[in-house]
Amino acid sequence: MAEDSDAEKTEPASAKRLEQAREEGDVPRSREVATFTVLMTAGAGLWMTGGDMVRQLSSALVSGLALDREQVFNFDVLGTRILTDVTRVLLACLPLGAAVMLVALASPLLVGGWLFSGKAVAPNLMKLNPMRGLGNMVSTNALVELLKAIAKTLVVGLVAWLVVLAQKEAVLGLMVEPLKLGTVHILDMIGSSFLFIVGALGLIAAIDGPYQMWHYANKLKMTRQEVIQESKEADGNPQVKAKIRQLQREMAKRRMMADVPTADVVVTNPTHYAVALKYADGARGAPRVVAKGSDEVAAKIREIAKENNVALLEAPALARALHKHTEIGDEIPEALYAAVAEVLAYVFQLRSFSKNGGHKPDKPAKLEVPPELDPLNPAAQKARDDMNNQGTRP
């Protein structure tokens, strides 16, 4: 049951899925909306400008048929005359043609928007697959197109029949009207009838537009597994990222352990924490932390330090403070200068004793560590609590 649920396309299409569909030329389209807007514009344009356009075309026709002898036998004059008449015809049709062209270009904005995709016009042999064609013929989309065709036939036929009935007497009256008046009258009737009939298609377009949007969204729905897989591809596989972080930590740990032999001293807790310090004699700046760790890492630092004769010093408060307030590569805090100076002085004296003999130095008895830097000191805990309380006050 769980596998069936995952296989069902129940999730809305992601932004990436929608963008991929657009790149492939797949966007919602409603031919009914485009047809309705173009035909309605053409009908309205004919109705509003039809009379003036007929007069201009009639004048151009009369002018074109009225030729004298000079125009017939003089090719230059005849060519100029034809060019003038053709220009008059084009200018007469220009407003209507421009309006129809603009609406045809703008109609895609109603459903799907403009789209220029090279993939949509690229050769695709799958479109020539006869089995795929047969599948499209018996698909749900084919059934919807059949129902739309039947609905358009019924709606347009019914409206056209009603329009003809309403104008039956006016059509019969054209026989007794003068030619010019009758021509204007019949054009007016044709324009109004055209608008009524095309207006009936508005009902089909009003239904088809939202349907195409719903059908497109439903077609691009994704399964839960597809959503999860896309998220992994976008954000990275969590398991792979976790493995990378683990490898990075291991590499950093190996680099840190390689620096332990170069340290001057390792300050310990003695078992929970270990912090390796190095001071470059003659260089500017304070001693730096070259390695630090707790529990198993601290034990490994102590082990490497013993193998490489790096001095170990138990100073619990100092070790805790250094571990808490420093990172690898950082200089020690200024508040710990005095305590670390005592430690380094002890280490350098111990080295001198190992080489030259003499009096063995005593370990520092009590290192001064500011209470607020020791994580286990009550004063440090109280200071942190006060800071937290101040941060939560309105």
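In this report a residue is called buried when its relative accessible area is under 20%, exposed when it is over 50%, and partly exposed in between. With those words in hand, let us take a friendly walk through the structure, which is a predicted model.

Which residues of H13 are buried? They are Ala298, Ile301, Arg302, Ile304 and Ala305. Looking down the axis of H13, you would find these buried residues within an arc of 165°, so they line one face of the helix. The face turned away from that buried side carries the exposed residues Glu296, Lys306 and Glu307.

Most residues other than glycine have a negative phi. Aspartate 295 has a positive one, near 55°, and so does asparagine 309, again near 55°. Where does aspartate 295 sit? Its place is the loop between strand E3 (288–294) and helix H13 (296–307). Asparagine 309 follows H13, in the loop between H13 and strand E4 (311–314).

| Residue | Relative accessibility | Class |
|---|---|---|
| Aspartate 295 | 46% | partly exposed |
| Asparagine 309 | 73% | exposed |
| Leucine 154 | 58% | exposed |
| Tryptophan 214 | 53% | exposed |

Leucine 154 counts as exposed because its 58% lies over the 50% cut-off.

**A nonpolar patch on the surface**

Leucine 154 also belongs to a group. Together with Leu143, Leu146, Leu147 and Ile150, Leu154 forms a nonpolar patch on the surface. The patch has about 500 Å² of accessible area in total. As for the place of leucine 154, look in helix H8 (residues 140–166).

**An aromatic pair**

A pair of aromatic rings is described by the distance of the centres and the angle of the planes. How many aromatic pairs are counted here? The count comes to one. Tyrosine 211 and tryptophan 214 make up this pair, with 6.0 Å centre to centre and 35° between the planes, which is a tilted arrangement. Both sit in helix H10 (residues 179–219), and because they are three residues apart, about one helical turn separates them. Residues three or four places apart in an α-helix point the same way, because there are 3.6 residues a turn.

Notes:
Residues numbered from 1 in each chain as written. Predicted model: local features only at pLDDT ≥ 70, side-chain atom pairs only at ≥ 80, totals over all residues. Heavy atoms only, no water. Patch = residues over 30% accessible without salt bridge, like charges linked within 9 Å, V, L, I, M, F, W, Y side chains within 5 Å. Areas by Shrake-Rupley, 256 points an atom, 1.4 Å probe, with all protein chains shown as cover. Salt bridge = Lys/Arg side-chain N within 4 Å of Asp/Glu carboxyl O. Helix = DSSP H or I, 4+ residues; strand = E, 2+ residues; numbered from the N terminus. Buried < 20%, exposed > 50% of the residue type's maximum accessible area, 1.4 Å probe, protein only. Phe/Tyr/Trp six-rings, centres within 6.5 Å; stacked < 30°, edge-to-face > 60°. Arc of directions from axis to C-beta.
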